[in-house]
Amino acid sequence: MKDVKNRGLNVFLNGMLRGNPALTMALGIGPAIFMTYDAATALYMGLLTTLALVVSCMLMSALKRVLPRQVRIPCHMLMAVGAITLIQFMLNAYFPMVESRANMYFLPVVLSSLVFGRAQGYALRHSVSDSGLDALGVGIGYTFFLVIIACLREMLGNGTLFGNAVFGGLIRPVSLFSMAPGVLFLAGCLSALVKRMTRGGGGR
Amino acid sequence: MRDILYILVVTVIANNVLFVRFEGLSTLIGPSEKRGSALFISIATSTVLIFSSAAGWALERYVIQPLGIEYLRIVLLLFIIACMVQFLENIFMGARPALIARLNVYFPIITVNSAILGNCTGVIEQDYSLLLAIVSAAGIGAGFSLGMFLFTGVRGRIEDSALPESFRGTPAALIAASIVSLAFLGFEGAVSGIFGM
């Protein structure tokens, strides 16, 4: 029983940090540029992506024996679009205040290579429960990644955090960080940091 | 003629799909490590771009508009693109199985390259003719291949240099991509300079 629990936790943590495709393979970096203008949007988008990831990975894993390899990609595309549309309808019904935002950010989530790539790369080779846990880990890791980048971007590029001025004018904003190249730079630094932190026990 | 030239200059250089519009970045970082996979991804992406924008143009004219189902446009376009990618994968799975295996998830990811969908919807919104649709798709494909080619060279230089262990691979590639994209900002005024607009 304990082994099962530990294994589940390992799958989750591996998806979240060491094996997170957003950090190790730079998947989902394109949408991240458009999602990290401010920290609140980043948080919202991260959660939406997490939901989409979990649903689409579990569906793909459950259907992996039914779908022949030759038609996998179009079927997966339709399933992902359907799942994300459903999630969006539910969000609109229960949290109407975010409605305008949800409509605007439908496409970046559909076109996030993180959702698509994880379902194609991981869920096809693992069981439903494993891919669900892994998707949850990847999604939460990605949300952290987005929020950290958005906070840094707001602080360094604009001198604000969640819309409030920080630094009190001591540090002049660097406009590079509010532009897209700054996101790539910050993502590279973050990815190196996580790689260093999670380097196998004791280091090589 | 002038239209064609204008579209080509804009899509290949001034609005380079990878480094100015940041579309399809996930297929840039991974496959650019090896020259062979970079070339293959560029060819596959350009092929999908050209065929899907032609198919999207026909779909809009002969199916979506007559039936009045504009609300299904995005889904149908995505489905067409996914079919194209799957078709290519099936072909290459027979011809070059080792290459597909090495590309791993990067091949299916071509489907979600936002430049492809962006071109399809852009062609419909701006009411291009079929020729212009194909030219703009080819221009974006050429821009993608140019970016990929340049970046493979940069990656080669990075691999040779002495980097801290934790920066090797993806982190260094991301930082390099950020610097290359700053270089592409220099082309910003080129279009208005050449065409006087």
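Start by selecting Phe19(B), Phe151(B), Phe184(B) and Phe187(B): ring pairs join these four into a cluster. Rings of Phe, Tyr and Trp (its six-membered ring) pair if their centres lie within 6.5 Å, with planes under 30 degrees apart called stacked, over 60 edge-to-face and the rest tilted. This is a predicted model, where local features need pLDDT of at least 70 and side-chain atom pairs count only at pLDDT 80 or more, while totals for chains, interfaces and linings use all residues. Residues are numbered from 1 along each chain as its sequence is written, chains are lettered from A and ligands numbered from 1 in the order in which they are written, and side-chain values use heavy atoms, leaving out hydrogens and water.

Over all chains, the whole structure holds seven aromatic pairs. Phe19(B) sits in the loop between helix H1 (2-14) and helix H2 (26-29) of chain B, and Phe151(B) lies in helix H8 (residues 130-160) of chain B, 132 residues apart.

Phe19(B) is buried at 2% relative accessibility, and Phe151(B) is buried at 0%; buried means under 20% relative accessible area, exposed over 50% and partly exposed in between (1.4 Å probe, protein chains only).

Finally, show chain B as a cartoon: look for 10 helices and zero strands (DSSP runs, H or I of at least four residues for helices and E of at least two for strands, numbered from the N terminus). Its C-alpha trace spans about 60 × 50 × 25 Å along the principal axes. Colour by burial, and 51% of the 197 residues in chain B are buried.
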